[in-house]
Number of protein chains: 2
Amino acid sequence: MLRLGANESAFGPPPGALAAMREALPRTSWYGDPESAELREVLAAAHGCAYEEIVVAAGIDDLLGLCVRGYCAPGEVAVTTLGSYPTFNYHVAGYGGVIESVTYADGGAVRLDALAAAAREAHAAIVYLANPDNPSGSFASRDAIEAFVAALPPAALLVLDEAYADFVERDDLLAAAVVPRVVRTRTFSKAYGMAGARIGYALASRDVVETFGKIRLQYGVNRTAQIGALAALRETDFVADVVAEVARGREEYDSLARRCGFTTLPSRANFVLIDCATRPRAERLVELLLERAVFVRKPGAPPLDRCIRVTVGTAGERARFAELFAEAAAALDANPQPA
Amino acid sequence: MLRLGANESAFGPPPGALAAMREALPRTSWYGDPESAELREVLAAAHGCAYEEIVVAAGIDDLLGLCVRGYCAPGEVAVTTLGSYPTFNYHVAGYGGVIESVTYADGGAVRLDALAAAAREAHAAIVYLANPDNPSGSFASRDAIEAFVAALPPAALLVLDEAYADFVERDDLLAAAVVPRVVRTRTFSKAYGMAGARIGYALASRDVVETFGKIRLQYGVNRTAQIGALAALRETDFVADVVAEVARGREEYDSLARRCGFTTLPSRANFVLIDCATRPRAERLVELLLERAVFVRKPGAPPLDRCIRVTVGTAGERARFAELFAEAAAALDANPQPA
């Protein structure tokens, strides 16, 4: 099975992280450090922020839960983009909040003006924006994000999900590590290849980190993951290679799609949306790929439900995918579905 | 440093679990199974219950959060034993519940009659009982637990924390794997030596498991931990040896304490309370041990705050502890503190 559906890293964890985790395993009988102190120190130095402005948790999903629990009381409004990362919505529903959504632009961009306007109109308690976005792959520039933050209602907390930010040049991201009323979430699941380890962190102002400290699971992070993450941060060359290879892979997917009569949406993440023109065609293409043991996903909400989402694989996986995609595309056109 | 304060297993993870985790590490880039399906199947067979009556989470701390979030609304009452496992209280406070506590009997037993009476009187939404209990180590028999469950208000959910149940003969535990309105929590952190992995599970009726399914972190459990736990369940001989060695260690601690002029409280867990007669003496003994690089803990609430809690170590650690404890005890008597 070609596993290209979950935006996992095809390049695995950094070798140094793997070695550190292997060495740590015999001490699995010990609890990890509830403060993740060593990791936070290194992260603070890397981001140029204070130790007290970093909180480590069991992945971004965990951090999203803390954001919602801490900053969206039952009945309060959370604003997001329709069809963006669903775990945010899951937590809002679970904690009794009310979701209001703004649709993507047709080309996959998040409509920042509309999102901010919806937040102001609804007096939103919390706003979610993934940048780069999942599942669209679209990216808003530093300037656009700064203008967006300024346009939000002052009382709202912005969850700026930067799960895929490692695939973007640092200069394109916010200059300040920590912005008041903004929680920037980061993860070791994507460029660092450690999705199964469940470890991520947030950059946030001290008051937010303190609030999370009162509600988070104190021993919620796997000890081996803490040690692996610390080692992974030293593997800058490996991660830079992953980022470069992912960029090549995105270009290959775009060329492949064009050769087969499709287009792609611009992506800055480790996946690409291939535009199938209609939802039924996209659904059928997912099936045709699955019949060929290729696992990809399809966004569920319009306008992106006309696309399939393909994670960038290794060079070998991409070569295999190219063959099978061409086959599936030919079968799609041989047996067109009603639109 | 002799690390005998956190009730971690001195005997490490089972060798088969260690090997399985080592082999799994290169796939850290993949997410784990959100359903923990394979693990739940094996657990269901082992406990003689249905797959749908098991939920896997990131340790018992995580499960306690789900219990409180799911079954104790803000303002509702949670009943527990004063000084028992504090993470339950942490979650109750975090979700806006109200804690009511019953004290331990002087000898460390949980006063089940008083606990049930308090639950009835307060119309408790949720009741917490650890059995074997932490930090006392005391244990209530199967008959006593059955009578206790029957005496609770019918609407209350009982969290029966069985973190240390692996140290007890199976015949002494509840016969039925699943009891309505009871959540039995289990962990791989103690006898299975995997505290750092953050993985545990609950045995509960289907409706409770369904409720947890609506609020739990779907990808909250580390993939390597899932694979390690599955392998650990096959290591019955290793775990039986750990349990036997822990029983020997408890007896050694008791003999040691008597030789030095102390007594111990009966324990069925992997730790022993050594009775220092007064709180100041216990506090001083913790300090004297720390000066000798021995880490132990002390219960914070009366009546057990007169004791120190020592985790059972390996034979080598126990021998070293015996020397240092004798030294510390002599220093304690040489420099008596005010009572």
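How many Å separate the centres of domain 1 of chain A and domain 2 of chain A? Taken over C-alpha atoms, the separation is 26 Å. The structure is a predicted model, in which local features need pLDDT of at least 70, side-chain atom pairs count only at pLDDT 80 or more, and totals for chains, interfaces and linings use all residues. Residues are numbered from 1 along each chain as its sequence is written, while chains are lettered from A and ligands numbered from 1 in the order in which they are written.

Domain 1 of chain A spans 15-232, and domain 2 spans 237-334. These bounds come from an automatic or database domain assignment. The contact between the domains takes 22 residues from domain 1 of chain A and 20 residues from domain 2 of chain A. Two residues are in contact if their C-beta atoms, placed from the backbone, lie within 7 Å. On the side of domain 1 of chain A that touches domain 2, eleven residues are nonpolar, eight polar and three charged. Here Ala, Val, Leu, Ile, Met, Phe, Trp, Tyr, Cys and Pro count as nonpolar, Asp, Glu, Lys and Arg as charged, and the others, Gly among them, as polar.

The relation between the chains was examined next. Chain B superposes on chain A by a rotation of 180° with 0.0 Å of shift along its axis, at an RMSD of 0.0 Å. This is the relation of a two-fold axis. The superposition is by least squares on the C-alpha atoms of residues with pLDDT of at least 70 in both copies. B:Arg22 comes closest to the rotation axis of the residues of chain B, with its C-alpha at 3.0 Å.

At the interface, 37 residues of chain B contact 37 residues of chain A. Helix 1 (15-24), helix 3 (60-71), helix 7 (206-215) and helix 8 (223-232) of chain B each supply at least two residues of the side that touches chain A. Helices (H or I, at least four residues) and strands (E, at least two) are DSSP runs, numbered from the N terminus. That side of chain B has 16 nonpolar, 13 polar and eight charged residues. The copies meet through the same surface, because 100% of the interface residues of chain B are also interface residues in chain A.

B:Gly12 lies in the loop between strand 1 (2-3) and helix 1 of chain B. Leaving aside neighbours within four places in sequence, B:Gly12 contacts A:Pro26, A:Ser29 and B:Gly193. B:Gly12 counts as buried, with 21 C-beta neighbours inside 10 Å. A residue is buried if 20 or more other C-beta atoms lie within 10 Å of its own, exposed if 12 or fewer, and partly exposed in between, with C-beta atoms placed from the backbone.

Helix 5 (residues 112-121) of chain A has the buried residues A:Leu112, A:Leu115, A:Ala116 and A:Ala119. Seen down the helix axis, they fall within an arc of 95°, so they line one face of helix 5. The arc is that of the directions from the helix axis to the C-beta atoms. Their cover includes strand 3 (77-81), strand 4 (98-102), strand 5 (126-130) and helix 6 (142-151) of chain A. Just after helix 5, A:His123 takes a positive phi of about 50°.

Strand 5 of chain A is largely enclosed by the rest of the structure, because five of its five residues are buried. A:Ile126, A:Tyr128 and A:Ala130 lie on one side, and A:Val127 and A:Leu129 on the other. Strand 5 of chain A pairs in the parallel sense with strand 3 over two bridges. Strand 5 also pairs in the parallel sense with strand 6 (residues 157-161) of chain A, over five bridges. Pairing requires that DSSP find at least two bridges between the strands. A:Ile126 is the bridge partner of A:Ala78, and A:Leu157 is the bridge partner of A:Ile126 in strand 6.

In chain B, an open sheet of three strands has the order 9-10-12, with antiparallel pairing. Its edge strands are strand 9 (263-264) and strand 12 (307-311). Five bridges join strand 10 (residues 271-275) to strand 12 of chain B. B:Asp275 stands opposite B:Cys307 in strand 12.

Most residues other than glycine have a negative phi, and most peptide bonds are trans. A cis peptide bond joins A:Asn134 and A:Pro135, with omega about 15°. Another cis bond joins B:Pro302 and B:Pro303, with omega about 5°. A:Ala293 has a positive phi, near 60°. A:Ala293 counts as exposed, with 11 C-beta neighbours inside 10 Å.
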